[in-house]
Amino acid sequence: MKNLQFRNGDLIPILGLGTWKSSPGEVKQAVFWAIEAGYRHIDCAAAYGNEQEVGEGIADAIKAGLVKREDLFITSKLWNDSHRHEDVGPALEKSLKELGLDYLDLYLMHWPVAFKHGVGFAKTREEFYTYQDVPLTQTWEAMQEQKELGKTKHIGVSNFNQAKLKELLKMKGEGPEMNQIEMHPFLPQEKLVEFCREHEILLTAYSPLGTSDSRAERHKNDPKLLVNPVVQEIANRQGVSAGQVLIAWSIQRDVIVIPKSINQSRIKENFDSINVKLTEHDLMELKDIGISHRFLDGSLFAGDHSPYKKSDLFDM
Ligand code: NDP
Ligand code: 1BO
């Protein structure tokens, strides 16, 4: 398995298992199958509501002798309702407790928006904090402290655009080591990738297969990534699946990729993408795919119900 390197030389496996929308009841087994298949990197988040079961899957794999804790790379994310300085430590502790771990490998600020404490998804302006109430710098300072305390080996962000990254990079102390963003051939994020590379920020591609969320009613007219004719043609030519083409696309760009699956054969199939080699011609065709689309468009967090604008989330 290829690894990428943090600034201090620590390694992160380029392929991990996503766990968003993996229900309790399914995710424990999925995590176990993934570790059995060779995954050593699991992407989690408090907001996914399944960290306890993910932890059980990890514990089962360790108990079965498949791995030791130190062989695994575990990421979790700070939810939007815990951005105040005093809420960051307890939120991280809660994730650790649920995952059954005593440290994380990576802790990410999930979105650059803040909700009042205890709000799952803010629906009215009153349920949000503004940047004046809780600046991102306040949250980042608390993240830096958690790293100093050894609760997490690395810290980073998710869904941050260049302007928001710059705010944190100006601060004293460690800047973000990772930016986890939506990335696939419909959204290659070339400028943000270049910016992150200039600042030694690693990148993780989420929703690399077009997201299970795309089954939701509000996405019914979205373009479909896995059945896109360009992706399908490359898959046929290479004798691999469309999912494998999409995962290999990230790996070949030196971008970490975290496809989600709760299905044993797809978990294995996705893992085997590490052996797929796309040609220059394949990569050129994917570059010219002719569709530009963001599946997670931020409308949950930005709009009339919120003090935030889409430009707070994405480079427009
Ligand atoms: P993905 O793009 O990984 O797609 C997952 C969907 O694809 C599921 O429906 C899955 O079904 C299906 N699938 C998996 N493998 C294959 C395959 N080989 N062929 C066909 N279908 C397949 O979606 P996600 O949005 O879940 O993104 C991946 C991960 O990224 C998340 O789980 C989460 O960990 C992270 N993420 C982070 C975000 C953030 O804000 N930081 C936002 C969104 C995601 P099945 O399970 O039945 O196999
Ligand atoms: C809205 C949560 C996105 C998944 O990480």
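**Questions on the model**

Modeller: Glutamate 177 is placed in the loop that runs between helix 5 (162-169) and strand 10 (178-182); helices (H or I, at least four residues) and strands (E, at least two) are DSSP runs, numbered from the N terminus. The model is predicted, so that local features need pLDDT of at least 70 and side-chain atom pairs count only at pLDDT 80 or more, while totals for chains, interfaces and linings use all residues. Residues are numbered from 1 along each chain as its sequence is written, chains are lettered from A and ligands numbered from 1 in the order in which they are written, and side-chain values use heavy atoms, with hydrogens and water left out.

Biologist: Is glutamate 177 buried or exposed?

Modeller: Buried means under 20% relative accessible area, exposed over 50%, and partly exposed in between (1.4 Å probe, protein chains only). Because the relative accessible area of glutamate 177 is 3%, this residue is buried.

Biologist: Which side chain is joined to that of glutamate 177 by a polar contact of 2.7 Å?

Modeller: A polar contact is a pair of N or O atoms within 3.5 Å; within protein, one must be able to donate a hydrogen and the other to accept it, and residues adjacent in sequence count only if both atoms are side-chain atoms. The side chain of glutamate 177 makes such a contact with the side chain of lysine 147, at 3.2 Å. The contact of 2.7 Å joins glutamate 177 to histidine 154.

Biologist: What is the distance between the side chain of histidine 110 and an oxygen atom of ligand 2?

Modeller: Histidine 110 lies in the loop between strand 6 (104-109) and strand 7 (114-115), and it is buried because its relative accessible area is 6%. The residues around ligand 2 (a heavy atom within 4 Å) are Trp20, Tyr48, His110 and Phe301. An N or O atom in the side chain of tyrosine 48 is 2.5 Å from an oxygen atom of ligand 2. For the side chain of histidine 110, the distance to an oxygen atom of this ligand is 2.7 Å.

Biologist: How many residues surround ligand 1?

Modeller: The closest residues are Asp43, Leu209, Thr211, Ser261 and Arg266. An oxygen atom of the ligand lies 2.6 Å from a polar side-chain atom of threonine 211, and a nitrogen atom of the ligand is 3.0 Å from an N or O atom in the side chain of glutamate 269. The number of residues surrounding ligand 1 is 30.

Biologist: How many residues does the largest nonpolar core have?

Modeller: A nonpolar core is a set of buried Ala, Val, Leu, Ile, Met, Phe, Trp, Tyr and Cys residues joined through side-chain atoms within 4.5 Å. In the largest one, Ile74, Met109 and Trp111 have the most contacts inside the core. Its largest share, 7 residues, comes from helix 8 (residues 242-252). The core has 95 residues.

Biologist: How many disulfides does a search of the whole structure find?

Modeller: A disulfide is a covalent bond between the sulfur atoms of two cysteines. The search counts a pair of cysteine sulfur atoms within 2.5 Å. Cysteine 44 is buried, with a relative accessible area of 0%. The number of disulfides found is 0.
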